[in-house]
Number of protein chains: 2
Amino acid sequence: MNDDDRQRQQAAAGLEQLLALLRAQSWRDDDTPALPPTQAAVLRMLADAPQGLRAGQMAQRLGVSAASLSDSLKALQARQWIQRQPDPDDARATRVLLARAGRRAAAALRDPLRGLGRLLQHLDSRDIGALQRVVQLLILQAQRQGLASGHRTCLGCRFFRPYAGGSAEKPHFCAYVEQPFGDAELRADCAEHEAADALLAEANAQRFAQPP
Amino acid sequence: MNDDDRQRQQAAAGLEQLLALLRAQSWRDDDTPALPPTQAAVLRMLADAPQGLRAGQMAQRLGVSAASLSDSLKALQARQWIQRQPDPDDARATRVLLARAGRRAAAALRDPLRGLGRLLQHLDSRDIGALQRVVQLLILQAQRQGLASGHRTCLGCRFFRPYAGGSAEKPHFCAYVEQPFGDAELRADCAEHEAADALLAEANAQRFAQPP
DNA sequence: CAGAAATGGTTAGGACTCCTAGCATTTAGT
DNA sequence: ACTAAATGCTAGGAGTCCTAACCATTTCTG
């Protein structure tokens with residue numbers, strides 16, 4: 001095993017430690033009633049989709065099986081946080097919408113000092129950027145290995161122009177909002193995301209992975 | 001909400017995405033039989049402790065309750081990967097040791113291309129370093145909030161000298177091995193870790209969080 | 001156009017991890 | 001010596017995840 005491998009192994013171990021910690025604690029908040037992470041993720045998705053989402057769509061975006069998502073939906077339904085409507089376009093499908101109580105719960109999730117946000121609160125912009133950058137790369141790698149799909153990352157988006165020559169602080173460019181931006185503004189789940197074609201995705205991945 | 005908060009919220013969302021992905025997939029390997037993450041973590045700990053560890057110790061290091069750890073130990077025992085021995089020093093306690101089969105399983109975990117390692121395999125040294133750095137900071141933050149304790153990070157170690165004036169590639173110094181090292185060599189679970197006292201911990205945290 | 005195949009979603013059953021409580025045993029403190 | 005704290009365990013419950021089996025509905029195909 002060479003030095004690089006050793007480093008990666010250590011990094012993997014470090015991430016495992018962090019994951020174990022978060023697995024145990026992420027959905028426990030002292031002040032507010034517990035909100036399990038998958039249910040929170042569903043609420044977040046629905047909050048950005050006024051006309052609702054289909055179950056399969058959500059499952060794919062979260063990278064879980066349809067059956068798993070169905071479990072979470074059942075739990076949310078039991079709390080009366082969501083509603084289901086038949087999909088007008090496809091009688092097999094249902095559209096899931098936030099109910100009134102669900103909207104309240106989703107709004108509470110926007111608090112930046114909740115859950116994970118509390119751990120991040122003292123990171124400066126540079127470290128946030130580094131983290132976002134790594135998240136993009138790891139999700140890309142997971143997608144390449146078939147572990148994930150449907151993630152709406154900048155790195156997989158057709159509007160993304162990595163290192164498009166802007167300033168050192170804002171080296172990237174988003175062709176949707178037509179603005180330069182930096183690592184710290186990278187999104188792992190952007191509402192405006194549109195998947196890039198294979199060619200652009202590959203070129204962007206190359207360029208992004210090895211900054212000039 | 002200011003820009004920084006927005007960035008942190010986005011970063012939290014990004015991390016959530018990654019966590020959801022890993023929650024679903026981390027313990028699934030196509031080629032080898034599944035090894036649940038907590039059980040893997042226990043094996044890793046035991047592999048570095050020839051004379052065994054006590055259950056409470058492990059629970060603390062992982063940041064889970066003693067009851068949770070007991071579950072995982074039961075599962076490992078069912079696979080005959082661990083042995084339990086009465087602790088000679090304390091008749092209430094038991095020491096947990098790797099059995100022969102457990103040693104084999106633990107050795108397989110060292111493969112850098114297993115599980116998380118596979119996602120990290122294309123990160124370069126700089127990104128690994130950035131990731132390790134963030135992991136240190138997040139674990140520190142979790143400790144400060146009482147979510148964790150017992151993590152053997154560099155940042156909480158009395159031998160750690162952050163930004164002790166070495167080269168740009170190896171700005172830190174470890175007073176145990178008496179070597180300079182860089183972010184990419186930071187450890188989240190170092191066998192030689194000894195907890196720093198409150199004063200040193202605070203000074204190190206300050207210095208580490210804001211690189212010169 | 002009728003039957004076959006694919007798709008969307010759910011339930012059933014099993015595994016893993018986590019928690020809080022309550023219990024027994026042992027150790028430590030007064 | 002007697003209480004108080006600790007160690008570890010089981011019980012009970014929740015959440016997340018999977019595969020497999022099952023409908024209902026589309027869509028493809030001969």
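Student: What makes the radius of gyration of chain A agree with that of a compact globule?

Tutor: In this predicted model, chain A has 212 residues, for which a compact globule would have a radius of gyration near 17 Å. The value for chain A is 19 Å, which agrees. Along the principal axes, the C-alpha atoms of chain A fill a box of roughly 50 × 40 × 35 Å. Of the residues of chain A, 42% count as buried. Among contacts in chain A between residues at least 6 apart in sequence, 51% join residues at least 24 apart.

Student: Which elements make up chain A, and in what pattern?

Tutor: Chain A has eight helices and six strands. Along the sequence they follow the pattern α-α-β-α-α-β-β-α-α-α-β-β-β-α. The domain assignment divides chain A into domain 1 (1-30), domain 2 (33-112) and domain 3 (123-209).

Student: How do domain 2 and domain 3 of chain A meet, and how many residues does the contact take from each?

Tutor: Their centres, taken over C-alpha atoms, are separated by 26 Å. The contact takes four residues from domain 2 of chain A and six residues from domain 3 of chain A. On the domain 2 side, the residues divide into no nonpolar, two polar and two charged.

Student: How do you know that the copies meet through the same surface?

Tutor: Of the interface residues of chain A, 100% are also interface residues in chain B, so the copies meet through the same surface. In this interface, 61 residues of chain A are in contact with 61 residues of chain B. On the chain A side, α1 (3-25), α2, α6 (116-120) and α7 (125-144) each supply at least two residues. The most come from α1(A), with 21 residues. By class, this side has 34 nonpolar, 16 polar and eleven charged residues.

Student: What makes up the surface near DNA strand D?

Tutor: Around DNA strand D there are 28 residues, of which Pro36(A), Ser65(A), Ala67(A), Ala91(A) and Gly56(B) come nearest. At least two residues each are supplied by α2 (37-47) and α4 (66-78) of chain A, together with α1 (3-25), α3 (55-62) and α4 (66-78) of chain B. The surface divides into 13 nonpolar, eight polar and seven charged residues.

Student: Which residues are closest to DNA strand C?

Tutor: The closest are Gly56(A), Pro36(B), Ser65(B), Ala67(B) and Ser68(B), among 28 residues that surround DNA strand C. Two or more residues each come from α1, α3 (55-62) and α4 of chain A together with α2 (37-47) and α4 of chain B. By class, the surface near DNA strand C has 13 nonpolar, eight polar and seven charged residues.

Student: Is His193(B) buried or exposed, and how do you know?

Tutor: A residue is buried if 20 or more other C-beta atoms lie within 10 Å of its own. His193(B) has 20 other C-beta atoms within 10 Å, and is therefore buried.

Student: Where does His193(B) lie in chain B?

Tutor: His193(B) lies in the loop between β6 (179-181) and α8 (198-209) of chain B. Leaving aside neighbours within four places in sequence, His193(B) is in contact with Arg152(B) and Cys157(B). His193(B) and Tyr176(B) are 17 residues apart in sequence and 8.9 Å apart in space, C-alpha to C-alpha.

Note on methods
Residues are numbered from 1 along each chain as its sequence is written. Chains are lettered from A and ligands numbered from 1 in the order in which they are written. This is a predicted model: local features need pLDDT of at least 70, side-chain atom pairs count only at pLDDT 80 or more; totals for chains, interfaces and linings use all residues. A residue is near a molecule or strand if its C-beta atom, placed from the backbone, lies within 6 Å of it. Helices (H or I, at least four residues) and strands (E, at least two) are DSSP runs, numbered from the N terminus. Ala, Val, Leu, Ile, Met, Phe, Trp, Tyr, Cys and Pro count as nonpolar, Asp, Glu, Lys and Arg as charged, and the others, Gly among them, as polar. Two residues are in contact if their C-beta atoms, placed from the backbone, lie within 7 Å. Domain bounds come from an automatic or database domain assignment. A residue is buried if 20 or more other C-beta atoms lie within 10 Å of its own, exposed if 12 or fewer, and partly exposed in between; C-beta atoms are placed from the backbone. The radius of gyration is taken over C-alpha atoms; the globule rule is 2.2 Å times the number of residues to the power 0.38.
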